[in-house]
Amino acid sequence: MGNMKLLEARQNEIVEEFSMFGDWMEKYEHIIEMGKELNPLVESDKTEDNLIRGCQSRVWLAARKDEVGDVVFSADSDAIITKGLVALMVRVLSGAKPEDIANVDLHFLEDIGLHTHLSPTRSNGLASMVKQMKMYGLVFSVRS
Amino acid sequence: MDGNYDVAAIRREFPILERKVNGFPLVYLDSAASAQKPRTVIETQREYLSHFHSNIHRGVHALATQATEAFEGARETIKGHFNAAENAEIIFTAGATDGINLVAGTWGRANLTASSTVLMTRLEHHSNIVPWQILASEIGFKIEVIEIFPEGTIDLEDYNAKLALAPSLVCFSHVSNTLGTINDAKLLTSLAHDAGAIVMVDGAQAAPHMNVDLQDINCDFYVASGHKMYGPTGIGFLYGKRALLDAMPPWRGGGEMISSVSFDVPTTFNVPPYKFEAGTPHISGAIALGAAIKWMESVGLDNIAAHELALTEYAHEKLLQIEGLRIYGTAEHKAGVVSFLVEGTHPSDLGTLLDQLGVAVRTGHHCTEPLMDWYKIPGTVRASFGAYNTFDEIDALVAALERAIKMLT
């Protein structure tokens with residue numbers, strides 16, 4: 001059984017966190033900080049299979065299922081702002097039930113005014129990454 | 001700094017330059033991707049659509065005549081400005097990419113065989129690579145790459161060595177969109193002709209920045225995009241020498257390009273340029289492109305070139321004061337393009353933060369992946385200049401960069 005409330009709570013927490021920042025540059029400083037804090041992907045996970053190619057930056061995404069059946073994501077990017085956004089995605093979706101990941105309504109980027117980064121025209125690989133994360137959710141929920 | 005060049009007066013002709021982005025006055029340093037439009041271009045398009053829009057070449061009524069005259073007048077303007085021998089040598093296309101695809105699809109398909117060789121430089125934009133790769137995968141000819149030096153200039157020794165392969169076609173850009181290198185189009189053309197090759201020049205980045213004399217260069221084909229020379233998007237032109245155009249088969253089939261159509265006897269085709277202009281063209285775009293060229297002439301392309309050179313030199317000097325900044329493309333002859341990277345930062349991060357500060361630059365591989373791979377970099381930040389840019393804007397770029405670098409490192 002899923003628990004969509006968990007993902008909702010995580011999204012709301014991020015929205016609240018960002019509401020403290022006065023201007024755009026502060027928001028970006030925070031994103032950069034999170035990018036720096038995200039554990040880098042181990043080199044063995046930086047494979048061609050895990051690579052999501054954006055026009056502007058590259059994103060790597062790896063996923064596995066833990067002992068209780070939750071999906072654990074790890075991710076990385078060669079660009080720090082993208083990496084910060086990737087860290088936010090991992091924070092929301094990692095350690096959740098696969099069916100919740102597949103069905104989640106991701107609204108927090110829009111709420112904090114960063115949804116342009118998700119636009120396919122931005123070509124930073126983030127939109128493809130979100131699609132890929134949901135795909136993992138779908139695949140893992142079918143397999144269980 | 002550059003004499004009588006009144007950049008303030010020029011800026012007043014571009015309404016978009018008055019706007020703010022993210023609360024900052026717009027600093028538009030992305031003219032190599034697309035130049036902004038002066039009032040005369042906007043007004044010309046509006047006037048056409050408001051007063052004499054009609055389909056061209058076929059109507060007998062007053063509007064059709066007026067529209068046709070304006071459309072053909074634009075062709076005459078292009079012919080005169082670029083010094084083609086006759087109007088028939090100017091074919092309206094959707095842009096430079098479209099023109100290259102036309103040459104590949106007609107001249108290329110008719111003249112290249114499995115044993116042919118096509119030369120192109122490592123500097124080329126994807127637009128001048130991919131149409132030839134697609135055709136090569138069909139026909140089987142060989143593509144050879146002319147190497148460059150690290151400063152971004154063509155290695156003439158390598159060029160001569162590759163010309164010894166007796167290529168059927170040589171393709172090169174007049175100006176590199178990523179590095180700004182101005183290639184010596186006349187010299188490269190003459191060497192190619194000595195080797196018996198046909199020459200196709202991608203002039204997308206040259207046309208907005210300098211006077212281009214096609215008969216002097218003596219190339220066989222030349223393409224350019226209207227939107228990079230202060231005109232509308234979706235319009236550009238292909239220049240081809242008349243004898244080649246006469247011999248080339250048509251490309252797209254449709255109205256306008258025919259002489260006579262029948263189900264019983266073979267359909268016959270119109271003469272150039274109409275043979276290659278199937279369907280209703282981008283009439284308002286062509287007319288406004290004519291206005292854009294007249295606008296560039298009114299400022300004077302030599303004046304624009306001198307102003308942009310001064311901006312480029314100033315940008316080089318200021319940017320190099322930033323620690324860890326490296327400029328890609330340091331040829332002696334450069335158009336208004338400065339590509340760079342800053343140690344320890346990713347170009348897309350710099351671009352994102354510069355945008356927040358109202359500075360529009362381009363980041364990424366600039367549709368020149370083979371060139372980026374050669375430098376072993378993921379891309380660059382590219383600032384590019386137009387007639388309307390100022391020294392203050394370069395100072396604004398440098399200040400924004402310093403702030404962004406501080407945040408990222």
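What percentage of the 144 residues in chain A do buried residues make up?

## Chain A at a glance

Buried residues account for 37% of the 144 residues in chain A. This structure is a predicted model.

Chain A contains 6 helices and 3 strands. Along the sequence they run α-α-β-β-β-α-α-α-α. The radius of gyration of chain A is 15 Å, close to the 15 Å from the globule rule for 144 residues, so chain A is as compact as a globular protein of that length. Its C-alpha trace spans about 45 × 35 × 25 Å along the principal axes. Now take the contacts in chain A between residues at least 6 apart in sequence: 65% of them join residues at least 24 apart.

## The nonpolar core

In soluble globular proteins, nonpolar side chains tend to be buried together. Here the largest nonpolar core has 155 residues. A:Met89, A:Met129 and B:Ala292 touch the most other members. From chain B, this core draws at least three residues from each of domain 1 (7-30 + 300-408) and domain 2 (42-298).

Look at A:Met129. Leaving aside residues up to four places away in sequence, A:Met129 touches A:Ile52, A:Val59, A:Leu61, A:Ala75, A:Val86 and A:Met89.

## A sheet in chain B

Chain B has an open sheet of 7 strands with mixed pairing. The strand order is β4-β10-β9-β8-β7-β5-β6. Strands β4 (90-93) and β6 (142-146) of chain B stand at the edges, each with a single partner strand, so one side of each has no neighbour in the sheet. On average, neighbouring strands of this sheet are turned by 20° against each other, direction ignored.

Within chain B, β9 (residues 221-225) pairs with β10 (residues 236-240) in the antiparallel sense, over 5 bridges. B:Ala224 stands opposite B:Phe237 in β10 of chain B.

Terms used. Residues numbered from 1 in each chain as written. Chains lettered and ligands numbered in written order. Predicted model: local features only at pLDDT ≥ 70, side-chain atom pairs only at ≥ 80, totals over all residues. Pairing = 2+ DSSP bridges. Helix = DSSP H or I, 4+ residues; strand = E, 2+ residues; numbered from the N terminus. Axes fitted to C-alpha atoms, helices over the stretch in contact; angles between N-to-C directions. Core = buried A, V, L, I, M, F, W, Y, C linked by C-beta atoms within 7 Å. Buried ≥ 20, exposed ≤ 12 C-beta atoms within 10 Å, placed from the backbone. Domains from an automatic or database assignment. Contact = placed C-beta atoms within 7 Å. Rg over C-alpha atoms; globule rule 2.2 N^0.38 Å.
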